[in-house]
Amino acid sequence: MKRFIQGEHRGQSALLPESLDDYVADTNPVRVVDVFVDELDLGQLGFEGVVPAETGRPAYHPAVLLKIYIYGYLNRIQSSRRLERETQRNVELMWLTGRLMPDFKTIANFRKDNGKAIRGVCRQFVVLCQQLGLFAEALVAIDGSKFKAVNNRDRNFTSAKLQRRMEEIESSISRYLIALDTADRQEPAVAQAKAERLHSKIAALKVKMQELQAIETQLQTAPDKQISLTDPDARSMMTRGTGMVGYNVQAAVDTKHHLIVTHEVTNDGVDRDQLSSMAMQAREAMGVEVLSVVADRGYFKSEEILACHEAGITAFVPKTLTSGATAAGRFGKGDFIYDAARNEYRCPAGQSLIWRFSHVEKGLKLHRYWSSNCQRCALKDQCTPSAQRRVSRWEHESVLDAMQTRLDQAPEMMRIRRQTVEHPFGTLKAWMGATHFLTKTLDRVSTEMSLHVLAYNFKRVLNLLGNGALMNAMRV
Ligand code: SF4
């Protein structure tokens with residue numbers, strides 16, 4: 001062992017620093033957590049127990065518990081039991097809490113009972129980022145990512161899944177019944193043992209079937225015809241071609257520093273209805289008048305883009321590629337040029353498609369255009385199998401056209417989007433580990449997500465500004 005760096009002997013008397021403060025370096029992020037929480041107005045944020053009760057056992061101040069959680073999420077310690085253990089052995093936490101060591105139940109209850117206030121703390125940090133001028137570019141990328149809930153796939157039921165399970169059980173029961181008949185023809189001793197085993201298997205399957213029938217009844221009354229038994233708010237969602245029971249977390253991320261400006265946990269598996277609400281929340285959080293948002297084609301919905309336009313938000317969302325004509329090798333709608341002055345389309349054969357009538361389809365007012373010359377057209381085979389090619393135009397289609405022009409002029413937007421949103425989601429999932437969320441129900445999961453987002457933003461700003469500058473900004 002001679003040629004190695006030597007540690008001290010365990011029996012050696014040591015002159016340890018006299019105060020806990022000496023163990024925590026000036027550059028330690030735990031000092032920033034301390035200042036951040038001390039500067040918050042916890043009462044205004046809605047934390048319970050800011051004013052001590054007049055009677056009963058003294059309670060922990062919410063600041064202590066909030067510091068434990070922020071420290072925990074910054075260091076990938078999210079479970080209340082692990083946090084309890086850390087308060088007893090971790091010098092940084094001892095420094096942060098003044099050697100207070102709440103039990104795991106107290107720690108867990110704090111997160112459970114103060115969800116709204118904790119989400120407010122996350123927003124408060126974004127306000128600080130805004131005051132520090134970190135959102136100068138006023139461009140955010142919006143995206144959603146699926147996070148696993150505390151709900152096994154086997155404990156989530158849709159009508160199709162339930163039907164499949166029932167059919168599997170029925171076929172197993174018939175297989176066992178056939179096996180019973182076969183067993184009857186064997187030696188009595190063997191037959192009896194086999195029959196007992198098969199009867200118990202059939203009985204277990206019948207119990208399972210009754211459970212599924214009870215779930216079927218519940219399923220009829222569920223608004224979205226889906227039930228999750230462990231976490232009732234979790235929903236089955238498609239992600240990268242496979243199913244997952246979880247939540248869809250929406251986030252607006254600023255493109256310059258990759259800070260999460262705003263986020264929302266939903267249990268809606270699709271992103272189509274989220275664009276305008278996320279964009280408006282982002283604009284409010286950033287405190288800017290003018291904002292541009294970029295999102296992938298999963299967010300393309302005419303009404304949402306119109307809502308952004310009417311709110312003065314510039315959207316960059318590529319169109320969804322659903323044209324049946326293009327898929328069949330015929331001219332797509334992009335091949336028809338709209339002439340606003342004449343309110344007509346010009347087709348690839350140079351013919352005018354004039355306005356014919358308007359109608360309402362799925363709540364959208366659409367105008368219909370076609371030409372009377374299609375039957376004599378040399379390009380008809382490339383255009384339509386019908387008598388004439390009809391083109392629809394939404395009454396607010398000019399908003400979509402303007403967006404497409406913007407996208408054509410700024411092709412780098414999609415690259416910026418990808419580079420911006422993949423970073424935070426990837427980091428958060430790596431921190432969360434294989435299980436993602438630890439709590440159940442939408443409200444608690446939202447609180448958990450806010451703590452993750454707060455920790456993520458906290459780390460980013462610490463890296464950008466350093467301890468000293470950030471603490472000074474917090475103290476202003
Ligand atoms: S089929 Fe009709 S719409 Fe299509 S190119 Fe010919 S004239 Fe134009």
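The lining of the largest pocket divides into 12 nonpolar, 11 polar and 13 charged residues; here Ala, Val, Leu, Ile, Met, Phe, Trp, Tyr, Cys and Pro count as nonpolar, Asp, Glu, Lys and Arg as charged, and the others, Gly among them, as polar. The model is predicted, so local features need pLDDT of at least 70 and side-chain atom pairs pLDDT 80 or more, whereas totals for chains, interfaces and linings use all residues. Residues are numbered from 1 along each chain as its sequence is written, and side-chain values use heavy atoms, without hydrogens and water.

A pocket is an open set of points on a 1 Å grid over the protein atoms alone, with protein on both sides within 12 Å along at least five of seven lines; a cavity is a set where a 1.4 Å probe fits but cannot get out, and lining residues have an atom within 4 Å of a point. The largest pocket holds about 1400 Å³ of space, the volume being that filled by probe spheres set on points joined across faces, edges and corners. Among its 36 lining residues, F300, K319, T322, K333 and E397 are the closest to its centre.

Domain 2 (133-150 + 235-319 + 407-451) and domain 4 (324-395) both give residues to this lining, so the largest pocket lies between them; the domain bounds come from an automatic or database assignment. The C-alpha centres of these two domains lie 35 Å apart.

The ligand sits in the largest cavity, meaning that more than half of its atoms lie within 2 Å of the grid points. The shell around the ligand has 6 nonpolar, 1 polar and 2 charged residues.
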